[in-house]
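Student: I have a protein chain open on my screen and I'd like to learn how to read it. Can you walk me through it, feature by feature?

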Amino acid sequence: MPSDGGGAGAWYAPVLYGAARVQYSDSKRGIDVTRNLQAIVAFESGPIPVNWEHAEETPLPPEALAPPPASATTPHQPLPPAALDKKRYAVWTKDFGTWVTRAQPLTIYSVPSMKLVSKPGESERDFQARIQLAGRESRDASVEKLRERYAQKLARLQHKARKAEEAVGKEQQQASQQKLQTAVSIGATMLGALMGRRAVSLSTLGRATTAARGVGRSAKETEDVAKAQVRLQEAQAELAALEAELQSEVAALEGTAPGGIAVEAIEIKPKRGGVDVRIVALAWKPIA
């Protein structure tokens with residue numbers, strides 16, 4: 001195996017190297033992927049010299065393997081007797097394939113509530129980042145739909161409040177004009193009474209009657225203003241209540257934390273007959 005760049009104190013230990021192409025398939029989740037798997041395992045003393053359960057993965061593919069330097073300054077551990085028995089390699093090859101099939105599943109991550117499945121080879125950290133993004137996008141879409149659902153009600157109440165406000169302004173203007181007209185009538189009546197030769201003339205009496213009627217209309221206009229103001233307050237309160245309801249629902253949606261969503265880890269076993277053992281061979285591992 002290639003050296004890891006060890007110094008003068010490096011030496012080599014014998015290991016068993018295995019490489020396989022593994023196919024994983026899950027039609028339900030749309031998974032169909034093939035990956036290369038390489039592993040090494042140290043020789044052990046005892047009746048079972050090779051136990052793939054103790055293997056560790058290595059990134060080195062078979063084509064990257066190279067013979068160790070045949071230098072007197074690079075010592076090698078002695079080979080165990082089992083490593084010299086060629087017949088054992090066929091058994092170890094079969095055991096390697098069995099170990100890959102049983103102990104090397106493809107782990108993917110899933111969030112059923114969001115219908116999200118990690119991509120083959122995607123780390124859990126990267127998948128969590130994708131969950132966060134999908135959660136924000138889903139939340140923004142939900143908020144937009146919520147605003148659209150409230151839009152017609154809000155427009156209707158806003159129109160109602162606007163009309164009520166206009167009615168108040170109109171009633172106040174009419175009331176002001178009526179008060180002014182009543183004041184002029186009363187003033188004219190009093191002036192005619194003071195300046196006329198008789199204490200009360202027919203014209204003065206007529207103006208007094210008109211003034212009295214004006215006072216009544218002025219009182220009615222004032223009452224109409226009060227009623228219009230009540231209607232305006234009711235419309236504004238109804239609008240404020242609906243806006244508060246909308247904001248409450250928006251806040252509830254925006255307060256949803258995607259990070260709190262449960263992520264399921266799913267193990268997909270290699271496809272039946274999907275383990276293609278490329279090589280199982282003796283190799284040397286550099287030890288610093």
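Predicted model: local features only at pLDDT ≥ 70, side-chain atom pairs only at ≥ 80, totals over all residues.

Student: How many bridges pair strand 1 with strand 7?

Tutor: Strand 1, residues 11–26, pairs with strand 7 over 13 bridges, in the antiparallel sense. For one spot to look at, find Tyr24, which stands opposite Pro270 in strand 7.

Student: What about the open sheet of three strands; what is its order?

Tutor: Its order is 5-4-6, again with antiparallel pairing. Here the edges are strand 5 (116–117) and strand 6 (264–268); each has a single partner strand, so one side of each lacks a neighbour in the sheet. Strand 4 and strand 6 run antiparallel and are joined by five bridges. Among the residues involved, Ser110 has Glu264 in strand 6 as its bridge partner.

Student: Now single residues. Which residues does Val33 contact, leaving aside neighbours within four places in sequence?

Tutor: A contact means heavy atoms within 4.5 Å. Val33 is in strand 2, and beyond those sequence neighbours it contacts Val22, Gln23, Tyr24, Leu106 and Pro120. Val33 also shows how sequence and space can be read side by side: Gly121 is 88 residues away in sequence, with 9.6 Å between the two C-alpha atoms.

Student: What share of the contacts with a separation of 6 or more comes from residues 24 or more positions apart?

Tutor: That share is 74% in this chain.

Student: Is Gln104 buried or exposed?

Tutor: Buried means under 20% relative accessible area. Gln104 has 11%, so Gln104 is buried. You'll find it in the loop between helix 1 and strand 4 (106–111). Not counting residues up to four places away in sequence, Gln104 touches Tyr24, Arg35, Leu37, Glu57, Trp99 and Pro270.

Student: What percentage of the whole chain counts as buried?

Tutor: 31% of the 288 residues. As for the surface, the chain exposes about 18100 Å², and carbon and sulfur atoms supply 55% of that.

Student: Next, salt bridges. How many are there?

Tutor: For this you look for a side-chain nitrogen of Lys or Arg within 4 Å of a carboxyl oxygen of Asp or Glu. The count comes to nine. One of them joins the side chains of Arg278 and Glu63, at 3.5 Å from N to O. This pair links distant parts of the chain, with Arg278 in strand 7 and Glu63 in the loop between strand 3 and helix 1, 215 residues apart. Arg278 is partly exposed at 33% relative accessible area, while Glu63 is exposed at 59%.

Student: Where do Arg149 and Glu249 sit?

Tutor: Arg149 is in helix 2 (residues 124–195) and Glu249 is in helix 3 (residues 202–254), so you'd be tracing a link between distant parts of the chain, 100 residues apart. In their salt bridge, the closest N and O atoms are 3.4 Å apart. Arg149 is exposed, with 52% relative accessible area, and Glu249 is partly exposed, with 28%.

Student: And how many residues apart are Lys163 and Glu166?

Tutor: Three, both in helix 2, which means about one helical turn separates them. Lys163 is partly exposed at 45%, and Glu166 is partly exposed at 47%.

Definitions and conventions. Residues numbered from 1 in each chain as written. Heavy atoms only, no water. Pairing = 2+ DSSP bridges. Helix = DSSP H or I, 4+ residues; strand = E, 2+ residues; numbered from the N terminus. Buried < 20%, exposed > 50% of the residue type's maximum accessible area, 1.4 Å probe, protein only. Areas by Shrake-Rupley, 256 points an atom, 1.4 Å probe, with all protein chains shown as cover.
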